[in-house]
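Visitor: Please take one part of this model and go through it closely. I would like to hear about a helix and then about the sheet and helices that go with it.

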Amino acid sequence: MEIRPVGATAVSAGRGRIVFSSSTNPSRVTEARDAKPQERLFSSMVSGVSGLAAALFATLFPADCRLCGSPLLNISRLPVCELCLADMRPISEAICAICGERMKGFAASYDECGETRCGLCRRLEPPFVRASAYGSYEGGLRELIHLLKYEGVRPAAGVLGRMLAAAVTDLRPSFDENGMLVVPVPLHRSKSRQRGFNQAEEIARKALKQIPSDCHLELAADVLQRQRETQSQIGLSRHQRRMNMRGAFAVKRPELVQGREVLVVDDVFTTGTTVSECARVLRRAGASRVFVATVARTLKVEAKFTAVPAENESEAAMVAAG
Ligand SMILES: [Zn+2]
Ligand SMILES: [Zn+2]
């Protein structure tokens with residue numbers, strides 16, 4: 001279905017259901033949120049022909065933000081308001097230079113390049129060079145990912161793709177010039193059939209459109225295969241999680257991977273076990289170096305709130321992750 005109201009300013013007329021998103025002007029949205037619904041409708045109506053079209057549309061196709069519930073004022077295929085989107089900020093605190101884990105309050109050490117390393121990366125070198133994530137896996141960002149994954153709100157992939165592109169851009173100085181194979185973490189066939197799409201691949205496709213072509217990123221969605229379903233990682237120790245993942249992935253097309261740099265992409269980096277296992281099999285298949293980029297990352301709870309022995313600090317923070 002394609003609906004294109006005459007005079008509307010913010011039309012996203014793609015296929016599928018069209019809903020309203022809020023104004024692109026945050027200050028106007030703030031005012032609008034403080035106002036009563038009728039006043040909101042009225043103020044949007046008096047703002048000219050486009051406002052009138054929007055108001056008419058709101059009456060015909062009323063929709064609320066799926067995250068905060070406030071009425072959506074503009075037409076968009078993504079049922080999330082600008083304020084909720086603006087709240088999804090990039091991680092801005094001190095993180096481990098290798099895995100991206102939160103460092104604040106934790107004992108850090110520095111490698112020979114003067115970069116900070118968390119305890120885990122210090123003890124055991126990960127199979128990837130570096131992992132970058134856009135935001136913390138909580139609040140609105142977590143809900144937005146769930147909208148895509150569990151409720152099939154496909155337009156969410158566009159916003160998540162822009163975030164993934166930012167995470168990739170952070171890694172870019174470390175890439176070599178021969179281009180990079182982009183490999184989304186695959187779903188098992190049964191889950192893929194059930195969901196109808198692989199969110200990692202969906203987000204990767206959107207991200208690649210945002211990244212300049214001189215970065216030479218090449219999507220290779222069929223390189224990795226998930227051979228078996230894995231049980232939930234919740235409550236497992238690090239060792240158990242690794243065992244749980246063993247043999248879960250196989251490189252289907254090793255000839256593509258041989259001697260290449262590979263960027264593994266996924267929606268969320270929780271414990272890192274999944275992307276680490278992907279990186280491990282890719283390296284074994286001949287990949288020269290593996291990087292990881294995700295939209296979000298589970299961050300360890302700040303040290304001042306934890307009272308676990310130093311030995312177990314990483315484990316404790318990871319228990320909640322999947
Ligand atoms: Zn909202
Ligand atoms: Zn680390």
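Guide: This is a predicted model. Helix H12, residues 273-284, has 12 residues and reaches 16 Å from its first C-alpha to its last, close to the 16 Å expected at 1.5 Å a residue. Of its 12 residues, 9 are buried, so H12 is largely enclosed by the rest of the structure. The buried residues are Thr273, Thr274, Val275, Ser276, Glu277, Cys278, Ala279, Val281 and Leu282. Glycine 286 follows H12 and has a positive phi, near 110°.

Next, the sheet. Five strands form an open sheet with parallel pairing, in the order E5-E11-E10-E6-E7. Strand E5 (130-136) and strand E7 (217-219) stand at the edges with a single partner strand each, so one side of each has no neighbour in the sheet. On average, neighbouring strands of this sheet are turned by 25° against each other, direction ignored.

Helix H6 (residues 139-151) lies across E5, strand E10 (261-269) and strand E11 (289-297), and runs at about 100° to E11. Helix H9 (residues 199-210) lies across E6, E7, E10 and E11, and runs at about 115° to E10.

H9 also packs against helix H7 (residues 156-171), at an angle of about 65° and with the axes 7 Å apart. The crossing of H7 past H9 is right-handed. From H7, the residues that meet H9 are Ala157, Gly158, Leu160, Gly161, Arg162, Leu164, Ala165 and Val168; from H9, they are Glu202, Ile203, Ala204, Lys206, Ala207 and Gln210. By class, the residues of this contact divide into 8 nonpolar, 3 polar and 3 charged.

Alanine 293 lies in strand E11. With 30 other C-beta atoms within 10 Å, alanine 293 is buried. Leaving aside neighbours within four places in sequence, its contacts are Ser132, Leu164, Ala167, Val168, Leu171, Leu263 and Val265. Leu164 and Val168 are also among the H7 residues that meet H9.

How values were computed
Residues are numbered from 1 along each chain as its sequence is written. Chains are lettered from A and ligands numbered from 1 in the order in which they are written. This is a predicted model: local features need pLDDT of at least 70, side-chain atom pairs count only at pLDDT 80 or more; totals for chains, interfaces and linings use all residues. Two strands pair if DSSP finds at least two bridges between them. Helices (H or I, at least four residues) and strands (E, at least two) are DSSP runs, numbered from the N terminus. Axes are lines fitted to C-alpha atoms, for helices over the stretch in contact, and angles run from 0 to 180 degrees between N-to-C directions. Two residues are in contact if their C-beta atoms, placed from the backbone, lie within 7 Å. The expected span of a helix is 1.5 Å times one less than its number of residues. A residue is buried if 20 or more other C-beta atoms lie within 10 Å of its own, exposed if 12 or fewer, and partly exposed in between; C-beta atoms are placed from the backbone. A crossing is left-handed if the near helix is turned anticlockwise from the far one by less than a right angle, and right-handed if clockwise. Ala, Val, Leu, Ile, Met, Phe, Trp, Tyr, Cys and Pro count as nonpolar, Asp, Glu, Lys and Arg as charged, and the others, Gly among them, as polar.
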